[in-house]
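Please open the model in a viewer and keep the selection panel at hand.

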Amino acid sequence: MYDLIVVGGGPAGLMAAGTAVAAGARRVLLLEKMEKPARKLRITGKGRCNVTNDRPREEFLAKVRQGADFFDTAFRMFDNRAAVRFIETLGVSLTCERGGRYFPASGKAWDVADALVAWTSRSGAEIRCHAPVASLRIEHNTVLGVVLESGERLEARAVLLATGGVSYPATGSTGEGHEMAYKAGHRIEPLRPALVPLEAEVPKGLKGLALRNVELSLLVNGSAAERRFGEMEFTAEGVMGGAIVLQASRTAVDALSDGNRVEAVIDLKPALSAEKLRNRIGREMASLGNEASVKLLLQKLLPPQLRQIMAKKAALPLSLPLGKLSAQDTERLVSVLKGWRFPVRDYRPFTEAIVTAGGVDLSEVDPLTLESRKIGGLYFAGELLDIDADTGGYNIQVAFSTGYLAGKSAVGTVGVPAHKN
């Protein structure tokens, strides 16, 4: 008989298991179906692992796109400051970079993953890999344990599901936890990719183009629905990625899933109003002289891949002398630079999504303990829940905070101060 069985060895499950032992549980078992825990954590942040973000509480919660109010209790119990202290006590030095993003000073996600696994094991929790769970054992609306795919039956006073979402399925996130929760009577909000690249009808030849300090707006059926400022890139033919695309993608995914028309509008010069851009173009033209061509003007304004594209959209031949540009020509160029517009036709699959939107319906989970309102002794943590946030360290913090709260709740110690290992 275990005090707690944790299903899933990602950051939420590892945090839950270690916290439960530190809070007084005598026998805690973590079951991981893959060959090692924390596989997804090892590749997150392009292999650097953005563990959390330094934003104040209100600003942090504003970055949680779904479930912020529900998550608030867990965040108060184990917030971003607590996460930084905790990781550094594990021997992993952190550095705070632009945007308040915390990374390991080594730049290696493996350091965070290995330290977290070692801490969980050192705390006294048993970690068993290659141990996929087939089902929960439930009687009279109370969880009794789990059944492994091997047929082995394990008993527990509480079971905590922390199996993650369905993004990056090669790391083991393939939806078994959602299926177990569903069979236990829980409603599952539709699963869809979040923080995912978008497919758009853009001209060919843009692969590898990175744009900085631009503004991306999404229009849904012609109405403004999302606006982001920062960096983006064209990662493949017709595929947009980068920070602001990923952050805006949830709006696009939901709109496209509902059959709506989505368009992207890129302001290539957001720091300049239309009037200031008009004046900038005038100064460049005066500097170049009347005999210079539109091609030379665009060299002053745009990266090489965009010059011919923008000239075509503005109906300006690249060879046209600047002395022949009319006021109307300049207005068209300003309009194009401030509003490059094209349709968004689709989003990329779960294999390219950073996190999963949707999951266990939050109304069926107690936010104060993360225990199921339907099945006694059943707890949830991490991406399995219908919580998702922007890129920037927020989603890993969700995993840490919910894992901490669920781990303490499962052994009846909610309210005990954070452990200091």
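Begin with helix α8 (residues 274–288), where Arg-280 and Glu-284 are four residues apart and therefore separated by about one helical turn. In this predicted model, the two residues form a salt bridge whose closest N and O atoms are 3.0 Å apart. Arg-280 is partly exposed at 21% relative accessibility, whereas Glu-284, at 15%, counts as buried.

Next, select Glu-199 and Arg-345, whose side chains meet in a salt bridge of 3.8 Å, N to O. Glu-199 belongs to strand β13 and Arg-345 to strand β18, so this pair ties together parts 146 residues apart in sequence. Glu-199 is buried at 14% relative accessibility; Arg-345 is partly exposed at 43%.

Then display Arg-228 and Asp-390, which are joined by a salt bridge of 3.1 Å, N to O. Since Arg-228 lies in strand β15 and Asp-390 in the loop between β21 and α12, the pair ties together parts that are 162 residues apart in sequence. Arg-228 is buried at 13% relative accessibility, and Asp-390 is buried with a relative accessible area of 2%.

Move to strand β14 (residues 210–220) and select Ser-217. Ser-217 is buried, its relative accessible area being 10%. Its side chain makes a polar contact of 3.5 Å with that of Arg-227.

Finally, show the second largest pocket, which holds about 240 Å³ of space. Strand β14 supplies five residues, the largest share of the lining. Among the 16 lining residues, Arg-212, Asn-213, Val-214, Leu-268 and Lys-269 lie nearest the centre. By class, the lining has 12 nonpolar, one polar and three charged residues.

Notes
Residues numbered from 1 in each chain as written. Predicted model: local features only at pLDDT ≥ 70, side-chain atom pairs only at ≥ 80, totals over all residues. Heavy atoms only, no water. Helix = DSSP H or I, 4+ residues; strand = E, 2+ residues; numbered from the N terminus. Buried < 20%, exposed > 50% of the residue type's maximum accessible area, 1.4 Å probe, protein only. Polar contact = N/O pair within 3.5 Å; in protein donor to acceptor, adjacent residues only side chain to side chain. 1 Å grid on protein atoms, 1.4 Å probe; cavity = no way out; pocket = protein on both sides within 12 Å on 5 of 7 lines; lining within 4 Å. Points joined across faces, edges and corners; volume = space filled by probe spheres on them. Nonpolar A, V, L, I, M, F, W, Y, C, P; charged D, E, K, R; others polar. Salt bridge = Lys/Arg side-chain N within 4 Å of Asp/Glu carboxyl O.
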